[in-house]
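Please go through this model with me, helix by helix.

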Amino acid sequence: MRAAVEAAKADVCALHAYLPAAELVAWTSGNVSARVPGADLMVIKPSGLEYADLTPASMVVCDLYGNRVEGDYAPSSDTGSHAYVYRHRPDVNGVVHTHSPYATSWAARAEAIPCCLTAIADEFGGDIPVGPFALIGDEAIGEGIVETLEGSNSPAVLMRNHGVFTIGASARAAVKAAVMVEDAARTVHLARLLGPVTRLDDADIASLHDRYTNVYGQKGAK
Ligand SMILES: [Zn+2]
């Protein structure tokens, strides 16, 4: 158990480096969490610390109701919502939140990103949906995430008037989804500047998503 907690702290700390590197976050906004395998625990970013100052030891360990069980700092203000996702989605082992600018501009308009590119079909299996507005601080955002992604292939949701939440079978997969949703949002934004976009057919989306999910890449890679 100790080893699993320490490994999760190191993993979550290291994964945070992707957020500023991919220009998904400003100042201290954004956070990554991971479920601790085999325990009803999660590891999440401390609230308000700058990315450059994050260390494995500064990560916060919480139970799946968002109560801190280990760590010197208060956990991220989004902790209750991450915890809600872990309680309701046993298949999810990582959650990421950002206000990445292009994707968040779609959230500001409460507009789903249409599945108009093969890359979106591959990664998201359809339109990237919009979730409800919810206030920050308790589990309300988590409820909106779970409700919106129920029955969706998308690992990303654009929470109305707020920003991006992504889920994954690992924290790394959730970080990848956060990078990819921003990329999709930017490209479709650029396309729309010069004209309308055409959504792919559902059958083609299903075929692309299936190939990408089951065939693409190196066997055994995550
Ligand atoms: Zn936020």
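The points below take the helix pairs, then the core, then single residues.

1. Basis. This is a predicted model, in which local features need pLDDT of at least 70, side-chain atom pairs count only at pLDDT 80 or more, and totals for chains, interfaces and linings use all residues. Residue numbers start from 1 along each chain, following the sequence as written. Helices (H or I, at least four residues) and strands (E, at least two) are DSSP runs, numbered from the N terminus.

2. α3 against α6. Helix α3 covers residues 79–88 and helix α6 covers residues 140–149. Their axes come within 7 Å and cross at roughly 40 degrees. Axes here are lines fitted to C-alpha atoms, for helices over the stretch in contact, and angles run from 0 to 180 degrees between N-to-C directions. The pair is therefore oblique. For the angle classes, under 35 degrees is roughly parallel, over 145 roughly antiparallel, 65 to 115 roughly perpendicular, and the rest oblique. α3 passes α6 in a right-handed crossing. A crossing is right-handed if the near helix is turned clockwise from the far one by less than a right angle, and left-handed if anticlockwise.

3. Who makes that contact. From α3 come G80, S81, H82, A83, Y84, V85 and H88; from α6 come I141, G142, E143, I145 and V146. By class, the contact of α3 with α6 has six nonpolar, five polar and one charged residues. Contact means C-beta atoms, placed from the backbone, within 7 Å. Nonpolar covers Ala, Val, Leu, Ile, Met, Phe, Trp, Tyr, Cys and Pro; charged covers Asp, Glu, Lys and Arg; the others, Gly among them, count as polar.

4. Burial of α3. How many of the 10 residues of α3 are buried? Eight are, and the helix is mostly covered. They are T79, G80, S81, H82, A83, Y84, V85 and Y86. A residue is buried if 20 or more other C-beta atoms lie within 10 Å of its own, exposed if 12 or fewer, and partly exposed in between, with C-beta atoms placed from the backbone. The buried residues of α3 pack against β1 (31–35), β2 (41–44), β3 (60–63), β5 (94–98), α6 and β8 (163–168).

5. Burial of α6. Here I141, G142, G144, I145, V146 and L149 are buried. Their cover includes α3, β6 (130–131), β7 (156–159) and β8. Just after α6, G151 has a positive phi of about 75 degrees.

6. α4 against α7. Helix α4 (residues 101–109) packs on α7 at an angle of about 70 degrees, with the axes 7 Å apart. That makes α4 roughly perpendicular to α7. Y102, A103 and W106 of α4 meet V181, E182, A185, R186 and H189 of α7. This contact has five nonpolar, one polar and two charged residues.

7. α1 against α7. The axes of helix α1 (residues 2–15) and α7 come within 10 Å and cross at roughly 10 degrees. The two are therefore roughly parallel. Their crossing is right-handed. D11, V12 and L15 of α1 touch A171, R172 and V175 of α7. The count is four nonpolar, no polar and two charged residues.

8. The core. The largest nonpolar core has 58 residues, and V12, M42, V43, L158, A178 and V181 touch the most other members. Its largest share, 10 residues, comes from helix α7 (residues 171–194). A nonpolar core is a set of buried Ala, Val, Leu, Ile, Met, Phe, Trp, Tyr and Cys residues joined through C-beta atoms within 7 Å. Neighbours within four places in sequence aside, V12 contacts V32, S33, A34, V43, I44, M59 and A171.

9. V157. This residue is found in strand β7. V157 counts as buried because 27 C-beta neighbours lie inside 10 Å. Not counting residues up to four places away in sequence, V157 touches P129, G131, I145, T148, L149 and F165. V157 and A107 are 50 residues apart in sequence and 8.9 Å apart in space, C-alpha to C-alpha.

10. Two positive phi values outside glycine. W27 has phi near 55 degrees and is found in the loop between α2 (18–21) and β1. W27 is exposed, because 9 other C-beta atoms lie within 10 Å. N161 has phi near 60 degrees and is found in the loop between β7 and β8. N161 is partly exposed, with 14 other C-beta atoms within 10 Å.

Technical notes: Contact = placed C-beta atoms within 7 Å.
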